[in-house]
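Please keep the structure in view as you read.

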Amino acid sequence: MTKKTNALPERSQIPKEKTWNLDPLYRNISSWEKDFKSLDSLLADFMSCRGTLKKSAENLKTAFGKNDALDRCLEKVHTYAHLKSDEDTANSANSSRLDRVTAKHSEIEGETAWLEPEIFELPDSKLKAYLKSPCLSFYKRSLEELLRDRPHTLSEPEEKILGLASDALSTPYKAFTMLSNADLKFPEVPDGKGGEVELSHGNYTKLVESQNREIRKSAFTAMYGTISKYRNTFAAVLDGAIKTHTFEAKIRNYTSSLRASLHEDNIPDEVYTNLIRTVRRNLPSLHSYFELRKKVLKLKKLDMYDIYCPIVPDCEMEISWEDACRYVRESLEPLGPEYCRVIDRALNERWIDVLECRGKKCGAYSGGCYDSIPYILMNYNGTMNDVFTLTHELGHSMHSYLSNKKQDYHYARYCIFAAEAASTTNELLLHAYLMKKFTDKKIRLYLHNRLAEEIRCTVFRQTMFAEFEKLIHEKREKGVPLSADELSSAYFKINSEYHGSAIEPDDKIRMEWARIPHFYYDFYVYQYATGFSAAMKFSENILGGDKSKLDAYMKFLQAGDSKDVLDILKDAGVDLSKPGPVEACMSHFAETVSHLKKELTGKA
Ligand SMILES: [Zn+2]
């Protein structure tokens, strides 16, 4: 076991094999500069297509190709600058390189905005002919997607006005982040180590997970006590954001804000409403999970601050990087030798930046572009959670790797709706593997509890948010002003229904809506719940050993954006237009809770 010290090492002190190798992306800065410079000529090349689209299908094909060449180079240049900057955020050469690309990016975005409007200006008959033209057959999907947008695209001057207004329309979100992150000052609260600490959004989660009830209670009370002092301001900014969503939906001829948001990935409203209905139907198993929690914590009633602390002792294993790689590698074996060969490359050929060091970006992500390795940034600390993070990010990286390999650049990029399914599938495979590997009761309990918490947070909680979001948009669409009272009472009602009678209705939770940044990205969070449900089905299929189901999963990973995401998932055996996958996830939750109950109380 290695002794942990507090001082972070410098990047130069990290062993080379634990850093990512960016050389295959750019050998040196001068080759990056060369590509950066070439953006201007690629832009000029694409701009030369302007005004030519009506002449021939061939011209449109050329424009698509030149646009892709420009984007592809921009992504490559951007990827390097961004990865390099995350290695050491304090390095000014790195950050100025990133600033240059970001500025270039918006310049290019502004200049190239003519393509869609010019296509929309083509007469119907011409567009129909183009759609049938063999020379455009590769771009047929893109053209059809553009046509799907046409009824929601305004005239050029109107679009220009909207474009100019977009900065002003984003003010509510900016005001929210300023209020929440810069202006809000929280009091000091007990830190659980005998001292006091200034409460922050960052340390709140840790404090509210404390085994000491007084600690979590004071963090909770201080959080919502502080937020509620600004309740009217929080309500005004959220109302402003919702108004922006409803305004844009209306002006672009959508029937609702929900429709406007789901339009992009061509998701029918039923996927959203089915999710809410199915989760609602299964709330009794969430309630029984809370009953169990109440029993284990030996409390008469749970308060809202009692739902986060772990109910099983922490799994205090320190897992070496080598063991983590071995667990992950072995857990992914059911995906077949081809998948595992690439995983071996990821683990052995420096695709991953493993260790924390001074100035390095915190957290974890999978990042890269069409012309790079799908890199992973981590801050590996040896916890079981870190092992799950590793396989999660590898899930994203493999999705990128396989889509990039199979698809042309034009159709390689998958959407968020599909992304979490691939990463969560890996997590569920790791869960199954560890459950088989470890017979130790403590570890098994930890794993059961971990899974139950994952489903509670990713499926139940996000669906609760999705339901609240839908409700407040509908209220706004009917002209109901979203005052603090209106928002709080709507939130409190939904929150009480989701949490059930094991929990004491605590008035302070009325303000929770004010803390959630996701309410500013319209109808985003439901994808966590659908993604998790899809992953559950995928992992069952993979572990079932049916070769055809495994092949279907591989096709999903290779599909990129070659089809609508719901169709891609359906081809792979997950039909999210029906309640089945979410229903199955709910049954899995009920099973996990009953395992936990049996092991913790001895009763089934
Ligand atoms: Zn992810």
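1. A definition is needed first: a helix axis is a line fitted to C-alpha atoms over the stretch in contact, and angles run from 0 to 180 degrees between N-to-C directions. Please also note that this is a predicted model.

2. The axes of helix 14 (residues 283–296) and helix 24 (residues 580–601) come within 10 Å and cross at roughly 20°. Angles under 35 degrees count as roughly parallel, and helix 14 and helix 24 are therefore roughly parallel to each other. The crossing of helix 14 past helix 24 is left-handed.

3. Which residues in helix 14 meet helix 24? On the side of helix 14 they are Ser285, Ser288, Tyr289, Leu292, Lys295 and Val296, while their partners in helix 24 include Met586, Phe589, Ala590 and Val593. By type, the residues of this contact comprise 9 nonpolar, 3 polar and 2 charged.

4. The largest nonpolar core has 136 residues, and the members that touch the most others are Leu238, Val328, Val387 and Leu569. Helix 19 (residues 441–477) supplies the largest share of this core, with 12 residues. A second, separate core holds 7 residues, among them Leu60, Ala63, Phe64 and Tyr139.

5. Leaving aside residues up to four places away in sequence, valine 387 touches Ile319, Ala324, Tyr327, Val328 and Leu430.

6. Is alanine 93 buried or exposed? Alanine 93, which lies in helix 3 (residues 92–111), counts as exposed because it has 10 C-beta neighbours inside 10 Å. Between alanine 93 and threonine 246 there are 153 residues in sequence and 43 Å in space, C-alpha to C-alpha.

Conventions
Residues numbered from 1 in each chain as written. Predicted model: local features only at pLDDT ≥ 70, side-chain atom pairs only at ≥ 80, totals over all residues. Core = buried A, V, L, I, M, F, W, Y, C linked by C-beta atoms within 7 Å. Buried ≥ 20, exposed ≤ 12 C-beta atoms within 10 Å, placed from the backbone. Helix = DSSP H or I, 4+ residues; strand = E, 2+ residues; numbered from the N terminus. Contact = placed C-beta atoms within 7 Å. Parallel < 35°, antiparallel > 145°, perpendicular 65-115°, else oblique. Left-handed = near helix turned anticlockwise from the far one by under 90°. Nonpolar A, V, L, I, M, F, W, Y, C, P; charged D, E, K, R; others polar.
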